[in-house]
Every structure is written in C-alpha cells, then in structure tokens.
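Subject: Structure handover

Hello,

Here is the structure I promised to pass on. Please open it first, then read the notes below it.

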Amino acid sequence: MARDPRLFDASASLAERVTAAFSKDGPLAQAFPGFRPRGGQLGFALALAETLQKEGTLVAEAGTGTGKTFAYLTPALLSGLTVIISTGGKPLQDQLYKKDVPMLSRALGVHPKTAVLKGRANYVCLERLMHVAEDGVPLPERNSHAKLRKIVRFAQITKTGDRSELAEVPENDPLWPMVTSTRENCLGPDRCPHYGECFVKRARDEAQSAQIVIVNHHLYLSSVALKRENQGMDGMLPTADLTVFDEAHQLPAVATAFFGTRFSTYQVEDIAHEAEALGKSYAADGADWTKICGAVRKAVDELKLSCYAVGLTEGDRKAVETIERFGELAGPMATLLKAFAKLGDALKTNAGRRDEIDVLRAYHAEVLDEMDNWKHVATATKPPTASADTEAANAEIPASSPAVADLMTAAPSNAPQPTDKDREIAERLVKKNTPKGPAVRWVEVMKSGIRFNLTPLSFAGEFREMRKAEGGSWLFTSATLSTGGKAGAANTAADFGHYLREVGLSPEECRAEQWPSPFNYWEQGVFYLPDLPPPERNTIEHVERVVEAAWPLIVAAGGKTFFLCTSIAGMERAADLLEDKIKTNGLDYPLLVQNEMPRNALIEEFRRRGNAVLVGSMSFWEGVDVRGDALSLVVIDKIPFTPPDDPVTNARCEAIRASGKHPFFVHSVPEAVISLKQGAGRLIRSETDRGVFMLGDSRVLTKGYGKTVLASLPDFYKTRQLGKVLTFFADPERFREDLYC
Ligand code: SF4
C-alpha cells in the first residue's frame, strides 16, 4: 500500500498527521473495510499526541468499542518514539504483537522493530527440556511422551521458544512447568550450557533493541525496579519515550503484590526437600542432609501447629494485630529461622559442587531474607501496629542482608558494563526489598501451608519515584478508571480521584478524560433491578433469592447467561440451584462452573455451546469478550464491596480514617464501582450485541452511594418490571418501539 504523504509531512504537527490518519480518505479507511471515523477515537488519539509533545501524562477512560488500541497506537507509531506497552496479561500482549501493531504499521506505512516480552514461564527452557527428555525423568501423564516429543521438535524450529506457538500442547498441561524455568531454578549465564541459545535471554535482547516493546505490568515493574536497584545497570527494557499502561485498572492490584513481600511454609518445605535430594545425590559427604533438612521440616510443623493453637484455621486471612495470641509464635518462628539458616550454611559449604545446589542456595537466600522480615516475631511480646511494624521491619534489615550480600561477593563489583550474570543476580535481588512506608503484616492459612505477608498500604510513592526516574510521557488507559459519570451525559462528571490517588498522580500533573462508548446502550441493553431485599451478611440466602429472580430471564434468554457472584460460597450455591432447575425443567442448557476447567477453556466452551449458563466468581468479571448471541444475560448477585474482613483493605481504610477522611466513600465505593463496571461491561461488546444486565442489589436505590453506582453503569434502559425484560427477549421490535413512545 502506498504511503500517505500527509502522515510524513515534516512541516505538519503530530496532531495534524494523526488527524490525517483517521480521516475519511486516510490510510485507516483504505486499509480496514468498515472503518469510519469515530469522534471518541480521534479525540483520544489527539489528546495523546498533545501529551507526547508536552512529555505529559494522560489518563484515558475509553468505553468499550471506542477503538482505544488504534487510538493510542496511531500517534505512538507516527511519532517514531520508543514505546513500552504494558498490559494486564498475555491475551492482550499477543493481540497487540501478532495483530494490532503489525496491521496498523502496514496501514500507516511505518516499520518499527517490535518485540514482546513475557514472564520466563512462557518460554521453553532448553536446559530443563534436555534434562527431562534425556535423563528419563518420570512424566506426569500417559500421553506426556508424545507431547514431550512435540516440544522437543518445537524447540528445534522455533525462533522465540514461546510456548503459546505450540497449540498442540495445552497451556495448562502439567508438562510445561517441567520444561520451562523459574527465577529460582534457572542456571543463569555462568552455569547454563544452553545460555547462548536461551529463549528467555533472546527475548530480552530483542526487547532491549526494539522501538515498540510489549510487556505485562509485573514484568514492567520488575524491569524498572532492577534499574533502580542497580544504578547504571540496564533493566530488561529500553528507556521509553512513552510508557503505555493498557488495562490500567489492573495496575494497582499487580503493583500491590509486586511491592509486597511474603514467604510461606510450603516454600521452606520445598527447599528442604530439594536440598536433601540434591545434597544426598551430589554432596553426600558435605553435610548431614537428613538431620539438617529434618530439623527444618520439624520446625515448619511446629510453626504450623502453633498457628493452629493460637486460633488460626484454614481459609483465614488475618492481620497480625487481630490475632490475639500472636506473640506465642515467637518461639517456633525463632526455631525455624535458626534451622533454615543452618541449611543455608550447609548449602554455602557445598557451593560449587553442583550447579543445582548453587541455584538452590540463591533461592534459599531469597526466602531467608523474606523470613528475616518476620524476625521481630521471635522477640515480640505484643503484636505491633501496622506502621510501627514497618519501621521495626525496616530498622532490622540491613541495607543488604547477610544472606544476599554473601552471594553478591561472587559478583564483579567494579565491572564497567553490566554482564548477563549481573542482570541475573540483580533479578534475583529485586524482590528482596521490604515495602517502603506503612504496610500491613498479615497471615494467610491455606490447605498447602501458611503464608506470611507484608503488603504496602499504598504503592503511590514508589510508583511516583519510578515514573520520575524513567521520565518521558505516560498513558494510563482502560474502559474502567473512573466513577460517577458518563461522558456526554447530562449532570454527571467522571471522577478519576480514586485511581489517581492509587497510582500517585495529582490532578494538576495529568490530563484525565473519558471518551464514551459509541454503542447505543439505551436500545441495545436493559438494566433490570428485581424487587429483592438488600443483601444481608448471609450471602447464601441472598444468592438463593437472586437465582429465583434470574431464572425467568435465563429461560427467556435460552441460557446464554453469565451468572457472576461476589463470593466462592455464593457461586457454589448458585451452581447447585441452577443445575437443579435446568434438570427439573428438562432444559438442555450446558452448565459451566468456574474451576471445572481452566478459565480460557471454559470461555471457549461457553462460546461453542451457544446456549450455556456459566457460573463464576470475580475472575470472570473482566477480560472476557463474548460477542454476539451466545451471551445475552449477565447477572451479578450484589455490588462487589471487598469483604469486610480483608486485612489489606481494613488496614488501608484505617489509614484513610486516620487522615480524617471517610474510608467507605474514599476507598470502598470507588473500588466496588470500578469492579461492577467491569462485570457489567461483559454484556455489550459490539454495536449489534443485545442483552440484559441484572443486579440483585436494591441498595443502588436505597443508599446514598447508589447514585454513584447507577451513574457509572452504561446508559441501559432501566426497569424493575419483569414483563419489560421478557418483552425485550421475546419481541425486540415491540420493545424498541415502546422505548420511544
Ligand atoms: S539460562 Fe535459564 S532459562 Fe535459559 S536455558 Fe539455561 S536454565 Fe533455561
């Protein structure tokens, strides 16, 4: 396709060139049949062009169907600048890399070098693959041998090693963890015989020299943290002129996890198990492995028993302050620290005897560091407060803890340029930080063990510092970032306050704007609010009522339903009831329930069956795109407020209260609204979709915050009458005519 000279006119501004690209006779109209200029899309693109010129920050909420990807990619590609695009997960990464960027580049006549960088578990590890294929390692399933042969063949011909290219071996196959690497088991540049051809290294090298790099939020944060930890040393990514966070609503959750630290009893047990196996095989004379590892296991058992003795039970997630006899864990924690440190000594004594022992030693040091964050537990008589606790934790930890510093002595300290090994070591160290600023210390009891967490109350400060150090322009975009208003609607204004606070932006330093969806929600959808009592604390009873209220709609829709719950218990009860109803009524709707198969497979099955009812919890509220007839009804049991006993939310609310603000309105309502918008957003995905959104929560009419909730949802036709909804399904034409009577 011939290049449009208007896009490369050196005398024209970026805004003028972007306008030409989106014009009726522009390259996009010529390249994409059905393309037509959309006001929201052009508005967004021009806002980004202006942001780039000022090296500013744009926060852009773009409704479903706005065409937000092309809106930001067009100015980004025409600018010729280096751009990092960070997404919430793999599906969007793949879509951008395989489809959107190449398609749009061709249409615009530009040829940027583009790279995608995923987490290391996405790439075949040649070292581990050879080990599994050649050393007769037992395989998990009967047909694993055939699949292993496919992976070996794939590794010989692939350029990227990206396992998503090998569709014949499903994403969730138990073979994958055996032939991919983790930070903990990668041998790294000095020890790995395959390092020269390593797919992870290759992907990182590609990213370093690319103009457009597509990553995910976690990798982005890791790379920038790496740079900051090691001044002068590159991260995994190039320095960007523009950093784009797409699916930016997911950034706060990812960043909270990233800036927090944690260790678990099962990690410690795993290390002890691995150390015993490796020690006995390769360094039998180097230590009494049975005794040392046995002591670690015994200490773990004692700590677990003590946790149960102070009243913790499976499923608990409790802040330390709320565990009355928390001080009783002091002895068992001290014993575990001592036993685990002794294991570290044994690994150190045997360093250099076998690569796997050295790799395990690095992992051990990392976990020991995390455990060190809990050292004060061994001496505390009273549980500390959240903020005092952080100070105590920070005070106790030397700038570089002994375990890690010990490992670092092997690294060249005065090398002029960072080597791959430097990067490898630095990558291991990134996560050793304790959160800066107030944090909440909490304990989580799972079937597999007990996890000790230290989670920051806010990552805004650290994130602000990161942005300052990185420089350039910034874009945060998603369909759900604000509360309280729809662009273009009368008497409402979008409120970005909550999101800006979360990511550490002040309204003065950014432009925050909303571009509406081009869909005609009024005609395409109905918001049905059944006459139900407000949800009580008893989730199960409420879910039972919601199922009853939703059932006539499910029948009218012919299945084709997402039934989404705010709790696992509610989801299970809803699934049981719906299964009964489907059977009793002799209907053939396939019932698909979360966790019955992997999420993507479940969604694929839902699309394929065409009349299914899918019951899920929060993980189905976002990132699910079912266009067309297969999805005609979305039911949500209630407004998704975070459970009142969540330790992180509680600590955040306390901090907000201490600052004189009302946590419910400043934190809980915006969080719930953004989440509800995501859930409701599953329904209408194209200009021809039609459907009903039912919310089983009458508090939107009885509580003060209800107005904010209603104002944030798409502009559906709203009704409390079942008859209207049934007409919507049975007689669309009549329903449409009635709308305008
Ligand atoms: S460097 Fe690490 S990821 Fe790469 S092949 Fe070696 S062990 Fe595997």
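Start with one crossing: H26 and H27 cross in a right-handed way. Right-handed means that the near helix is turned clockwise from the far one by less than a right angle, and left-handed means anticlockwise. Helix H26 covers residues 647–658 and helix H27 covers residues 663–680. They pack at an angle of about 145°, with axes 9 Å apart. Axes are lines fitted to C-alpha atoms, for helices over the stretch in contact, and angles run from 0 to 180 degrees between N-to-C directions. Helices (H or I, at least four residues) and strands (E, at least two) are DSSP runs, numbered from the N terminus.

Before you go on, note that this is a predicted model: local features need pLDDT of at least 70, side-chain atom pairs count only at pLDDT 80 or more, and totals for chains, interfaces and linings use all residues. Residues are numbered from 1 along each chain as its sequence is written, and side-chain values use heavy atoms, with hydrogens and water left out.

Which residues meet between H26 and H27? From H26 come Thr649, Arg652, Cys653, Ile656 and Arg657. From H27 come Pro663, Val666, His667 and Ser668. Contact means heavy atoms within 4.5 Å. By class, this contact has 4 nonpolar, 3 polar and 2 charged residues. Ala, Val, Leu, Ile, Met, Phe, Trp, Tyr, Cys and Pro count as nonpolar, Asp, Glu, Lys and Arg as charged, and the others, Gly among them, as polar.

The crossing of H13 and H15 is left-handed. Val268, Ile271, Ala272 and Ala275 in H13 meet Leu336, Phe340, Leu343 and Leu347 in H15. That contact has 8 nonpolar residues, with no polar and no charged ones.

Now the whole protein. It has 31 helices and 18 strands. Of its 741 residues, 55% are buried. Buried means under 20% relative accessible area, exposed over 50%, and partly exposed in between (1.4 Å probe, protein chains only). Among contacts with a separation of 6 or more, 77% join residues 24 or more positions apart.

Phe693 sits in strand E17 (residues 691–695). Phe693 is buried, at 0% relative accessible area. Not counting residues up to four places away in sequence, Phe693 touches Val526, Phe527, Tyr528, Val634, Ile636, Leu676, Ala680, Leu683, Leu713 and Phe716. Its C-alpha atom is 7.1 Å from that of Leu683, 10 residues away along the chain.

Arg511 is in strand E11 (residues 511–515). Arg511 is partly exposed, at 30% relative accessibility. Beyond four places in sequence, Arg511 touches Ala47, Glu50, Thr57, Leu58 and Val59. The C-alpha atoms of Arg511 and Gly56 are 8.2 Å apart, across 455 residues of chain.

Ser448 lies in the loop between strand E8 (439–446) and strand E9 (449–456). Ser448 is partly exposed, at 43%.

Last, the ligand. Around it are Arg120, Cys125, Leu126, Glu127, Ser181, Cys186, Leu187, Cys192, Tyr195 and Cys198, each with a heavy atom within 4 Å of it. This shell divides into 7 nonpolar, 1 polar and 2 charged residues.

Best wishes
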